[in-house]
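This report looks at how one protein chain is folded. Please read it with the sequence and the model side by side.

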Amino acid sequence: MSGDAIDTILAFDFGLKRIGVAIGNSMICQAKPLSVITATANEPKFAAIDSLIKEWGASRIVVGLPSHPDGTEHEMSARCRRFANQVHGRFNLPVELVDERYSSAVIAAKRGEVIDDRAAAIILQQYFDANY
């Protein structure tokens with residue numbers, strides 16, 4: 001949280017097949033779904049992230065960190081931490097992890113519907129609610 005400056009924040013719901021993306025800023029503190037990155041190889045995935053960071057002028061990144069309902073590590077936890085570290089290393093922006101235990105569970109989705117961007121918005125909204 002930087003003083004009076006308005007941070008544009010991108011949030012990612014990391015998955016092996018898709019990465020949901022949401023956006024918001026520190027002035028209105030409302031997250032909205034933005035897009036879903038479907039690239040699975042690292043270079044196109046990070047190229048898409050780079051493009052979003054530049055397009056929206058993001059100054060901070062939030063990444064959802066999955067865990068089991070009791071708070072123990074999930075098999076995706078380490079992968080999400082690694083993804084967050086890679087984003088930080090590549091783009092030199094502050095990256096914060098947010099507990100995403102229930103982000104997908106609260107979305108009423110139809111079978112086969114892609115909800116990753118909405119899950120990212122819930123993660124980002126949790127970040128706003130906890131920090132602003």
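## Strand β1

T8, L10 and F12 point one way from β1, while I9, A11 and D13 point the other way, and all of them are buried. Buried means under 20% relative accessible area, exposed over 50%, and partly exposed in between, with a 1.4 Å probe and protein chains only. In a regular strand the side chains alternate between the two faces of the sheet. Because six of the six residues of β1 (residues 8-13) are buried, this strand is largely enclosed by the rest of the structure. Strands (E, at least two residues) and helices (H or I, at least four) are DSSP runs, numbered from the N terminus.

The model is predicted: local features need pLDDT of at least 70, side-chain atom pairs count only at pLDDT 80 or more, and totals for chains, interfaces and linings use all residues. Residues are numbered from 1 along each chain as its sequence is written, and side-chain values use heavy atoms, with hydrogens and water left out.

## Partners of β1

Which strands pair with β1? Two strands pair if DSSP finds at least two bridges between them. Strand β2 (residues 19-25) runs antiparallel to β1 and is joined to β1 by six bridges. The two form a hairpin with five residues between them, and T8 has N25 in β2 as its bridge partner.

Strand β4 (residues 60-65) is parallel to β1, with four bridges joining them. Here L10 stands opposite I61.

## Helix α3

Helix α3 (residues 116-131) has 16 residues and reaches 23 Å from its first C-alpha to its last. This is close to the expected 22 Å, a span calculated as 1.5 Å times one less than the number of residues.

Among the buried residues of α3 are A120, I123, L124 and F128. Their cover includes β1, β2, β3 (32-37), β4 and β5 (95-99).

## Two loop residues

M27 lies in the loop between β2 and β3. Its relative accessibility is 58%, so M27 counts as exposed.

S67 is in the loop between β4 and α2 (77-91). Is S67 buried or exposed? S67 is buried, with a relative accessible area of 15%. Leaving aside residues up to four places away in sequence, S67 touches T72, H74, S77, D99 and R101; contact means heavy atoms within 4.5 Å. S67 and E100 are 33 residues apart in sequence, and their C-alpha atoms are 7.3 Å apart in space.
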